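Subject: Structure handover

Hi,

Here is the structure I promised to pass on. Have a look first, and my notes come after.

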Amino acid sequence: MAASPVVWVNGPIVVGAGPAGLSVAACLRERGVPSVVLDRADCVASLWQYGTYDRLRLHLPRHFCELPGMPFPDSYPEYPTKRQFISYLEAYAAHFGVHPRFNTSVTSARYDDDAGLWRVHAENGGVVTEYIGRWLVVATGENAEHVLPEIDGIKDFCGRVSHVSEYKSGAPYSGKHVIVVGCGNSGMEVCLDLCDHNALPAMVARDSVHVLPREILGVATFSVAVFLRRFLPLWLVDRTLVLLSWLLLGNLEKLGIRRPSRGPLELKNTRGRTPVLDIGALARIRSGDIQVVPGIRRFFCDGAELVDGRRVTADAVIMATGYHSNVPQWLKGCDFFTQEGYPRVPFPDGWKGQSGLYSVGFTRRGLSGVSLDAVKVAQDIAMAWNNQTATTC
């Protein structure tokens with residue numbers, strides 16, 4: 001039996017070719033440090049390319065979503081489309097000469113104490129290659145795997161059940177009753193898209209959620225929050241945002257949407273729960289085009305029974321139930337990450353572990369957090385790289 005190929009990496013091994021992996025590889029290259037980027041998919045940013053719906057736009061203004069060293073083109077709108085963002089990422093990789101090794105799925109990564117090196121096993125076309133290097137950068141992100149909750153009776157449902165990552169457009173659902181499980185940004189936007197294609201969505205709002213206007217008096221809500229945060233404590237900014245939202249959007253409990261007791265920024269920072277930025281779904285809820293229902297008790301062949309005893313008819317179910325990290329599945333012998341796949345050390349210090357281990361894209365702060373991590377990681381590795389090079393010379 002032939003031995004597995006072994007590749008010595010003269011620089012960091014980066015796992016993931018999404019925005020996190022691309023940005024750290026670009027920042028490393030700008031500092032003269034080579035790297036090898038591994039990704040299980042066949043393209044950069046595979047979640048954006050394959051796992052998002054057609055109408056998606058960046059939820060924040062573009063200047064909050066730029067990766068280090070390259071702004072968006074001036075021709076792009078304030079909220080770039082999905083296709084524009086993908087084009088930006090492809091141009092970013094080309095500009096910085098980042099060439100990931102695609103279709104290469106990392107199955108395990110472990111630090112070898114005796115050798116003082118990381119050993120990463122990755123499979124491509126049935127061949128397992130061992131990559132060896134001093135540094136390992138985990139850049140697979142917070143959304144590596146989709147979440148499909150177990151709901152009583154779901155196997156008895158006679159229609160199609162899918163995750164929102166499979167949803168592209170509401171066109172196939174025209175004229176159909178659709179249960180959308182989840183009331184986050186994806187759930188609300190999918191319901192809005194279903195309405196635009198003459199479907200009849202019922203959105204399950206089991207949990208409380210913060211819904212904010214995307215803009216406040218013509219200014220992006222996130223920009224308002226960033227500005228206020230310069231002068232005010234977090235709790236006061238949260239209260240201000242909730243008050244402004246109540247004034248602009250009204251009492252959402254009348255629509256079946258409950259606000260959490262903790263503020264939107266606090267929940268985002270501590271639990272990764274992103275507030276919903278309304279782009280038109282609330283108007284369709286008020287008009288009755290989107291029905292808001294509480295949690296589901298169980299499914300039947302033709303619909304579901306709700307926790308309040310009512311029944312709703314459905315031809316299809318879309319699970320807008322989010323994603324989770326997959327780091328614990330392949331990173332072995334290391335307690336830097338929790339069982340949920342997040343660094344144990346909270347932001348802003350969760351980017352660096354022991355023995356040359358780093359993480360990018362786990363800040364719960366979106367693309368701006370990715371950029372912050374990438375710059376810090378690249379600077380730290382470049383310092384060690386330069387010291388090593390000087391010693392070798």
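Below is what turned up, starting with how to read the values.

This is a predicted model, in which local features need pLDDT of at least 70 and side-chain atom pairs count only at pLDDT 80 or more, while totals for chains, interfaces and linings use all residues. Residues are numbered from 1 along each chain as its sequence is written, and side-chain values use heavy atoms, with hydrogens and water left out.

Salt bridges first. The structure holds 18 of them, counting a side-chain nitrogen of Lys or Arg within 4 Å of a carboxyl oxygen of Asp or Glu. One joins arginine 55 to aspartate 196, at 2.9 Å from N to O. Arginine 55 sits in the loop between α2 (46-50) and α3, and aspartate 196 in helix α4 (residues 185-196), so this pair ties together parts 141 residues apart in sequence. (Helices, H or I, have at least four residues and strands, E, at least two; both are DSSP runs numbered from the N terminus.) Arginine 55 is partly exposed at 28% relative accessibility, as is aspartate 196 at 40%. For these labels, buried means under 20% relative accessible area, exposed over 50%, and partly exposed in between, with a 1.4 Å probe and protein chains only.

Another bridge links aspartate 207 and arginine 206 (3.6 Å, N to O). Here aspartate 207 is partly exposed at 44%, whereas arginine 206 counts as exposed at 60%. Through shared partners, salt bridges also connect Arg55, Glu189, Asp193, Asp196, Arg284 and Asp289 into one network.

Now the helix packing. Helix α1 (residues 19-30) packs on helix α3 (residues 82-95) at an angle of about 30°, with the axes 10 Å apart; axes are lines fitted to C-alpha atoms over the stretch in contact, and angles run from 0 to 180 degrees between N-to-C directions. That makes α1 roughly parallel to α3, a label for angles under 35 degrees.

On the surface, Leu243, Trp246, Leu247 and Leu248 make a nonpolar patch with about 450 Å² of accessible area together. Patch residues have over 30% relative accessible area and no salt bridge, and nonpolar side chains are joined within 5 Å; areas come from the Shrake-Rupley method with a 1.4 Å probe. Leucine 248 belongs to helix α6 (residues 234-249) and is partly exposed at 47%.

Lastly, proline 275, in the loop between α7 (264-271) and β15 (276-278), is buried at 15% relative accessibility.

Cheers

Key:
Patch = residues over 30% accessible without salt bridge, like charges linked within 9 Å, V, L, I, M, F, W, Y side chains within 5 Å. Parallel < 35°, antiparallel > 145°, perpendicular 65-115°, else oblique.
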